Amino acid sequence: MHFEEVDKKLRKKQLLEKLSSFLHTGYAKADEGQIRKIIQNGNVEKAIDNAERLEQKYAKEEKHICRDVEAMNPYTSVHHLVEQFMLEIS
């Protein structure tokens, strides 16, 4: 979501290919420094906006994560945590 809006399910291989392309390097989830690379090369504000749009889409469809977890792929709520961090440090 740091690089583009995501509103459909991606297989793990597709996600790894996309991240490798955006980062211009091979991407391996457990490699040291991967989060730093995503933050430095991506856009945190864009990721928050994309996550909020996805959240609004599910709200319009009256879906809730506790009840509709299978239908809500992709899903994230990390933007709420990041927004709180940003408020705390500002």
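Helices and strands are DSSP runs, a helix having at least four residues and a strand at least two, and they are numbered from the N terminus.

**Figure 1. The whole protein chain, shown as a predicted model.** From the N terminus on, the elements of the protein chain follow the order α-α-α-α, which amounts to four helices and zero strands. The C-alpha trace of the protein chain spans about 40 × 35 × 20 Å along its principal axes, and the accessible surface comes to about 7,000 Å², with 53% of that surface belonging to carbon and sulfur atoms. Of the 90 residues in the protein chain, 19% are buried. When contacts between residues at least 6 apart in sequence are considered, 56% of them join residues at least 24 apart.

**Figure 2. The largest nonpolar core, with Y27 as one of its members.** This core is made up of five residues in all, namely F3, L19, L23, Y27 and I38. Leaving aside residues up to four places away in sequence, Y27 touches L16, L19, S20, Q34 and I38.

Figure 3. H79 counts as buried because its relative accessible area is 3%, and buried means under 20%. The side chain of H79 makes a polar contact with the side chain of H80, at 3.3 Å. If residues up to four places away in sequence are not counted, the residues that H79 touches are I48, A51, E52 and E55.

**Figure 4. The cis peptide bond from N73 to P74.** The omega angle of this bond from N73 to P74 is near 15°. P74 lies in the loop between α3, which covers residues 44–60, and α4.

**Figure 5. H24, a residue with positive phi in the loop between α1 and α2.** Although H24 is not a glycine, its phi is positive, at about 60°. The loop that holds H24 runs between α1 (12–23) and α2 (34–41). H24 is exposed, since its relative accessible area is 70%, and exposed means over 50%.

**Figure 6. E62, a residue with positive phi in the loop between α3 and α4.** E62 is a residue other than glycine, and its phi has a positive value near 55°. E62 lies in the loop between α3 and α4, and E62 counts as exposed because its relative accessibility is 65%.

Note on methods. Residues are numbered from 1 along each chain as its sequence is written. This is a predicted model: local features need pLDDT of at least 70, side-chain atom pairs count only at pLDDT 80 or more; totals for chains, interfaces and linings use all residues. Side-chain values use heavy atoms; hydrogens and water are left out. Buried means under 20% relative accessible area, exposed over 50%, partly exposed in between (1.4 Å probe, protein chains only). A polar contact is a pair of N or O atoms within 3.5 Å; within protein, one must be able to donate a hydrogen and the other to accept it, and residues adjacent in sequence count only if both atoms are side-chain atoms. Contact means heavy atoms within 4.5 Å. Accessible areas come from the Shrake-Rupley method with a 1.4 Å probe; for residues, only the protein chains shown count as cover. A nonpolar core is a set of buried Ala, Val, Leu, Ile, Met, Phe, Trp, Tyr and Cys residues joined through side-chain atoms within 4.5 Å.
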